[in-house]
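Here is a short tour of one protein chain, written for someone new to reading structures. Keep the picture open as you go, and look up each residue when it is named.

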Amino acid sequence: MMMKYVVIFLTTLIFACGKKEESIVVSPDVLHKSIDKVTEIMIHDIFSPPVASRIFAYPNIAAYEIIALKDPTYNSLAGQVRELSAIPQPEATTINHEVAAMVAHIDLSRRLIFSEEKLTPLRDSLYMEWRRKNEKVFNASKEYGLKVAEHIAAWMDTDMYNQTRTMPKFTVNTDDPTRWQPTPPAYMESIEPHWNKIRPFVIDSAGQFKPEPPPPFSMEEGSEFFKEVKEVYDISNQITEKGDESEEIAIAQFWDCNPYVSVTRGHLMFATKKITPGAHWIGIVKIATKKTKSDFAKTIFAYTKTSIAIADAFISCWDEKYRSNLIRPETLINAHIDENWKPVLQTPPFPEYTSGHSVVSGAAGVALTSIFGDNFAFDDDTEVPYGLPVRSFSSFEAAASEAAISRMYGGIHYRKAVDVGVKQGRDLGQFLVDNLNMTTDPQTASN
């Protein structure tokens with residue numbers, strides 16, 4: 001019997017000594033795959049655009065902070081982003097920073113979505129692969145990644161999001177004809193009326209980039225406001241007459257990005273789910289980093305900088321939306337011009353001014369330009385999974401301009417909300433670029 005155990009021991013020892021430990025290489029594709037999966041889950045869970053922006057930002061920041069420890073090209077966001085303190089230093093010397101970054105990213109993503117079990121298979125498959133290659137390095141990296149995730153989660157939990165979940169719902173003022181009213185077909189409640197209370201990442205406050213107010217409300221012909229209402233109606237009629245050949249309708253549909261579109265069939269109402277506007281721009285980050293063959297560090301840098309810009313843009317925009325609380329074109333056109341008129345796109349459930357797509361696209365475009373430069377041409381295939389063709393752009397700024405005007409083509413915004421909104425976003429984006437010092441290498445970012 002003793003001889004049997006000796007043989008087993010020697011066999012195990014020989015196998016262990018003979019087992020070759022591999023280095024763990026984490027490609028940017030792993031990060032893309034994880035973010036794509038989180039986006040897919042967010043579509044399933046139907047997160048509103050502002051909430052979706054928060055879900056992108058925190059995991060990216062966690063991963064970026066770990067990479068910044070390793071790569072001197074990148075600077076920590078601690079002391080730059082509001083109330084963020086330095087992440088803990090790793091105790092083990094054997095950690096793989098990319099593995100730790102992915103562990104933190106996935107762990108925080110699971111905390112922020114509802115259907116976290118849908119992300120578990122991807123996490124477990126990655127864990128299995130990394131453990132097989134080098135168990136010692138994986139275990140140390142996982143432990144550190146989870147430690148950083150706890151640090152970021154504690155900071156995240158102080159951003160007022162949890163408190164806004166229990167704040168009063170938005171009260172519709174039915175006595176004031178200038179104020180927002182629920183729109184067909186679902187007549188949904190207005191979403192996230194307290195989003196301006198969320199702690200910003202870089203901007204001083206929600207009101208820092210407060211835009212000029214919309215034109216004074218007046219439905220008298222000849223007034224500036226009436227002209228804006230009539231322009232939406234006229235453009236809508238002109239482009240719908242073209243039918244399937246309308247480039248404007250194609251643009252409106254490409255940038256629709258409405259996470260919950262209600263469809264009525266007889267007595268039934270169901271939803272068609274799509275990505276949010278922030279998710280579309282996160283998709284553009286993927287396109288740009290893959291086109292430039294960016295390494296893991298630059299890829300997470302691009303995701304992080306852009307997601308911060310998007311998140312602060314939503315805070316800024318939603319602050320104005322519930323300040324001006326302006327009525328949508330659909331409500332006024334049906335009441336005063338044409339009761340049978342319908343916009344090309346379904347009107348989202350929140351006030352009109354300023355245009356969220358315009359603000360977010362303006363900010364994201366500036367952030368991406370600061371990383372990849374002016375005149376960065378790309379083919380945007382973000383909407384292909386939703387049945388829409390690729391559109392090509394000569395630059396991020398051109399894409400942002402098209403995203404902004406798409407809201408007017410869609411019949412859901414007045415021109416002022418588009419023009420002022422995209423300026424609001426670009427001003428905010430430039431503030432972020434000027435004040436967020438993320439890299440020491442001028443070749444990594446043009447700023």
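## Alanine 311, tucked away

Alanine 311 counts as buried, because its relative accessibility is 3% and the cut-off for buried is under 20%. You can find alanine 311 in helix α11. Keep in mind that this is a predicted model.

Which residues does alanine 311 touch, leaving aside those up to four places away in sequence? They are Ser53, Ala57 and Phe201.

## Helix α2 and its neighbours

Now turn to helix α2, which covers residues 28-45 and so has 18 residues. From its first C-alpha to its last, α2 reaches 26 Å, close to the 26 Å expected at 1.5 Å a residue.

The buried residues of α2 include Val30, Leu31, Ile35, Val38, Ile41 and Met42. His32, Ser34, Thr39 and Asp45 are also among them. What do the buried residues of α2 pack against? Their partners are α3 (49-70), α4 (97-112), α5 (120-133), α10 (277-291) and α11 (296-324).

## Positive phi angles

Just after α2 comes isoleucine 46, with a positive phi of about 55 degrees.

Methionine 160 is not a glycine, and its phi is positive too, near 80 degrees. This methionine sits in the loop between α6 (135-156) and α7. Is methionine 160 buried or partly exposed? With 28% relative accessibility, methionine 160 counts as partly exposed.

Tyrosine 187 is another residue other than glycine with a positive phi, near 50 degrees. Look for tyrosine 187 in the loop between α7 and α8. Tyrosine 187 is exposed, because its relative accessible area is 53% and exposed means over 50%.

## Two cis peptide bonds

Where can you find cis peptide bonds? One joins proline 184 and proline 185, with omega about 5 degrees. Proline 185 belongs to the loop between α7 (161-164) and α8 (224-242), and tyrosine 187 is also placed in the loop between α7 and α8.

Another cis peptide bond links tyrosine 353 to threonine 354, where omega is about -5 degrees. Threonine 354 is found in the loop between α12 (329-336) and α13 (356-372).

Conventions:
Residues are numbered from 1 along each chain as its sequence is written. This is a predicted model: local features need pLDDT of at least 70, side-chain atom pairs count only at pLDDT 80 or more; totals for chains, interfaces and linings use all residues. Side-chain values use heavy atoms; hydrogens and water are left out. Helices (H or I, at least four residues) and strands (E, at least two) are DSSP runs, numbered from the N terminus. The expected span of a helix is 1.5 Å times one less than its number of residues. Buried means under 20% relative accessible area, exposed over 50%, partly exposed in between (1.4 Å probe, protein chains only). Contact means heavy atoms within 4.5 Å.
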